[in-house]
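Let me put the thing up on the screen, and then I'll walk you through it.

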Amino acid sequence: MTIKFGPAGLGPVANAEKVLGQYKKFGFKICEIAFTYSVYIKKDDAERIGKKAKELGIDLSIHAPYFINLNSLEKEKVEASKKRILKCCEIGEELGVKRVVFHPGYYGKMSREETYKNIKREIQELMNYIKEKKWKIKISPETMGKVNVFGSPEEISQLVKDTGCDFCIDFAHILAREKKVDYTKIKKLFPQKEWHCHFSGIVYGEKGEKHHKTTEKEDWKNLLKKLK
Ligand SMILES: [Zn+2]
């Protein structure tokens, strides 16, 4: 098994190729481009940056904007959320990106079951659109760190089963949400050969994630021991 390590964030378009060159020197094999506040790369630049990444042997992924809720009571908000994900897919295709990672949504006042049904339906629609466009890109809902936010490992695993979508396992989020990481459970929930994962230090309380923090050496050692 191979593990490819890389950072979250590529930085501004103007420096992208230079930064990719530095990443290569550091030994990074993957990089997640943060469209978390906006889809800041234009089509023309995307093609150029994607080419450079390929040349250097660095896989790219995208983190979609934070402003996404596929379970909003307001239809316009769901539509806007889907548009943001699809915009990432469109630029992602130019970049040659494998997947777009996103935070699927909130329970709000709805039950877990109802939330699941709604999010599943919207993901299915997104995937239909991607198929129609003949895009190769995958969409990857992420395991979430707050107890009252949709995205338990079980929910994400079920989405993969029901829709065929991809997934992102965020180990820091799982730790914050469940107060421990049950690696045996995670391996059962995600029998797929390829995993896209996030990892970092995290501060959490009863309700889960408070904020991320610098990853300690011990955290790394612990994770890698568990994930042979
Ligand atoms: Zn995320």
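Let's start with one side chain: is phenylalanine 171 buried or exposed? Keep in mind that what you see is a predicted model. Well, phenylalanine 171 is buried, because it has 21 other C-beta atoms within 10 Å, and the cut-off for calling a residue buried is 20 or more. You'll find phenylalanine 171 in helix 6, which covers residues 171–178.

So who are the partners? Leaving out residues up to four places away in sequence, phenylalanine 171 touches Val181, Cys197, Phe199 and Leu223. Take leucine 223 out of that list: phenylalanine 171 and leucine 223 are 52 residues apart in sequence, yet C-alpha to C-alpha they sit 8.6 Å apart in space.

Okay, zooming out. How does the contact picture look for the whole protein chain? Of the contacts with a separation of 6 or more, 76% are between residues 24 or more positions apart. And 37% of the 228 residues count as buried. On overall dimensions, the C-alpha atoms fill a box of roughly 45 × 45 × 30 Å along the principal axes. The radius of gyration is 17 Å, which agrees with the value near 17 Å that a compact globule of 228 residues would have.

Now the secondary structure. We've got 8 helices and 8 strands in the protein chain. What I'd like to show you is an open sheet of 4 strands, in the order 1-2-3-4, with parallel pairing. Its edge strands are strand 1, residues 30–34, and strand 4, and each of those pairs on one side only. On average, neighbouring strands of this sheet are turned by 25 degrees against each other, ignoring direction.

Let's go along it. Strand 1 pairs with strand 2, residues 59–63, in the parallel sense, over 5 bridges.

How does the chain get from strand 3 to strand 4? It goes through helix 4, residues 112–132, and this β-α-β crossover is right-handed. Here the pair to click on is valine 101, opposite serine 140 in strand 4.

One last thing about strand 4, residues 138–141: both of its faces are covered. Lys138 and Ser140 are buried on one side, and Ile139 and Pro141 are buried on the other.

That's my bit, over to you.

Methods: Residues numbered from 1 in each chain as written. Predicted model: local features only at pLDDT ≥ 70, side-chain atom pairs only at ≥ 80, totals over all residues. Helix = DSSP H or I, 4+ residues; strand = E, 2+ residues; numbered from the N terminus. Rg over C-alpha atoms; globule rule 2.2 N^0.38 Å. Buried ≥ 20, exposed ≤ 12 C-beta atoms within 10 Å, placed from the backbone. Contact = placed C-beta atoms within 7 Å. Pairing = 2+ DSSP bridges. Right-handed = clockwise from strand over helix to strand, strands pointing away. Axes fitted to C-alpha atoms, helices over the stretch in contact; angles between N-to-C directions.
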